[in-house]
Every structure is written in structure tokens, then in C-alpha cells.
Amino acid sequence: MALRVAATRATVAGAAPLGLRRMFSTAPANSFMLSPIAAMGNGDGTPGREQAPPSTNLFVSGLNKRTPTEKLREAFSQFGRVVDARVVTDRVSGYSKGFGFVRYATIEEAEKGRVGMDGKFLDGWVIFAEYARPRPERTPPQNNMSSSNGYNSYGRE
């Protein structure tokens, strides 16, 4: 009830009290308002993710589902010599997953390609190019047929 009275008085006065502004604000108390994209990330590449170190391999996201590998190679080849380009596809259906990789001959060419194609249109879709992250180490698969109590999943020894 007290909040309602305070809000009503503030509306009549023309501004919300500082406590209400702080309570309902999404920004820190003593800061300027950032754009939503700048607030989510570091300003480079995909929002909300830290940027990978420079390499010759670029990760390209936002691809049209009908963009073939040849078109990806052609679009990125204007910035340098493309060693390899690949649109990642689903193993079962064969359809594109909407992302791919482009590998350049040198890091300088990869930087030109990243800057030149990041945020540009390809086949009617805005694509994003950033340095690819190295694959994480994969642990070998575990044998799930036996448990620690000596019985396998079928209840037999």
C-alpha cells in the first residue's frame, strides 16, 4: 500500500521516487544506459561470448539453410585465399544446420574476411563471422553396461 501511495504521489509530481526507479530499473544505479547488444557482450562478435584468439579458421553463423558450401567459399574468397570452406549439415537429413567454417591461408586474410563479412547479408540472411574456438578435449566413452554393484543394466551378473 505504501508503494502505491508513493508511486501515485510521484506520478502527480512528475517523476518516480529514486527507490522505485532503482527497484524497477535494469541498469546499475550510477551508470549510463548501454544498447542491448553492447550490454550483452564485449562489443566484438557474438553477443555474450568472449572472443576466441585469432586463427586462420573462422566460425560463420546465421547461414541460410539453403546456402551451399560453394556459395560460402565464393563469398569469403574476395578477402583472401580460402583453403577450406564447409557448411555443417545434419548427418541424418543432410540439411544445413545454419553455420559453417572457413579456413584462410594466413591470419591476416582471416582477419580481413572476419571484418568484411561480419554482419553482412548472404542469401538474404545476416551472417556473423568470428574466430573459431578450438575443439574441447573429448573424454573417451564410458562402458554403461555394468554398474558399481556388479550387475549390468538387465539385472544379471
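**Basis of the model**

Local features are reported only at pLDDT of at least 70 and side-chain atom pairs only at pLDDT 80 or more, while totals for chains, interfaces and linings use all residues. Residues are numbered from 1 along each chain as its sequence is written, and side-chain values use heavy atoms, with hydrogens and water left out.

The predictor's confidence in each residue is given as pLDDT, on a scale from 0 to 100. For the protein chain the mean pLDDT is 77, and 59% of the residues reach 70 or more. Over residues 32-43 the pLDDT is below 50, and this stretch has ten contacts in the model beyond near neighbours in sequence; a contact means heavy atoms within 4.5 Å. Residues 10-14 also stay under 50, with three contacts beyond four places in sequence. Where pLDDT is low, the predicted coordinates should not be read in detail.

**Overall fold**

The protein chain contains five helices and six strands, arranged along the sequence in the pattern α-α-α-β-α-β-β-α-β-β-β. These elements are DSSP runs numbered from the N terminus, with helices (H or I) of at least four residues and strands (E) of at least two. Among contacts between residues at least 6 apart in sequence, 55% join residues at least 24 apart.

Of the 157 residues, 22% count as buried. Buried means under 20% relative accessible area, exposed means over 50%, and partly exposed lies in between (1.4 Å probe, protein chains only). The accessible surface of the chain comes to about 11800 Å², of which 55% belongs to carbon and sulfur atoms; areas come from the Shrake-Rupley method with a 1.4 Å probe, and for residues only the protein chains shown count as cover.

A nonpolar core is a set of buried Ala, Val, Leu, Ile, Met, Phe, Trp, Tyr and Cys residues joined through side-chain atoms within 4.5 Å. The largest such core has 18 residues, and those with the most contacts inside it are Val-60, Leu-63, Leu-72, Phe-76, Val-102, Tyr-104 and Ile-127. At least two core residues come from each of strand S1 (57-61), helix H4 (69-76), strand S2 (82-89), strand S3 (96-104), helix H5 (107-117) and strand S6 (128-131).

Beyond four places in sequence, the contacts of Val-60 are Leu-72, Phe-76, Gly-98, Phe-99, Gly-100, Val-102, Ile-127 and Phe-128. Asn-57 is found in strand S1 and is buried because its relative accessible area is 16%. With residues up to four places away set aside, Asn-57 touches Phe-101, Val-102, Arg-103, Glu-130, Tyr-131 and Ala-132.

**Helix H5**

Ala-110, Gly-113, Arg-114, Gly-116 and Met-117 are buried in H5, and the elements covering the buried residues of this helix include S1, H4, S3 and S6. Gly-119, which follows H5, has a positive phi near 85°.

Side chains of opposite charge can pair when their charged atoms come close. A salt bridge is counted when a side-chain nitrogen of Lys or Arg lies within 4 Å of a carboxyl oxygen of Asp or Glu; the count comes to two.

| Salt bridge | N to O distance |
|---|---|
| Asp-123 and Lys-71 | 2.8 Å |
| Glu-111 and Arg-114 | 3.2 Å |

Asp-123 lies in the loop between S4 and S5 and Lys-71 in helix H4, so their pairing ties together parts that are 52 residues apart in sequence. Lys-71 is partly exposed, at 34% relative accessible area, and Asp-123 is likewise partly exposed, at 28%. Although Asp-123 is not a glycine, its phi is positive, at about 55°. Most residues other than glycine have a negative phi.

Glu-111 and Arg-114 both lie in helix H5, three residues apart, about one turn of the helix. Glu-111 is partly exposed, with 29% relative accessible area, whereas Arg-114 is buried, at 12%.

**Nonpolar surface patch**

Phe-121, Val-126 and Phe-128 make a nonpolar surface patch of about 290 Å². Such patches are made of residues with over 30% relative accessible area and no salt bridge, with nonpolar side chains (Val, Leu, Ile, Met, Phe, Trp, Tyr) joined within 5 Å. Val-126 is found in strand S5 (residues 125-126) and counts as partly exposed, at 32% relative accessibility.

Note on methods
Patches are made of residues with over 30% relative accessible area and no salt bridge: like charges are joined within 9 Å, nonpolar side chains (Val, Leu, Ile, Met, Phe, Trp, Tyr) within 5 Å.
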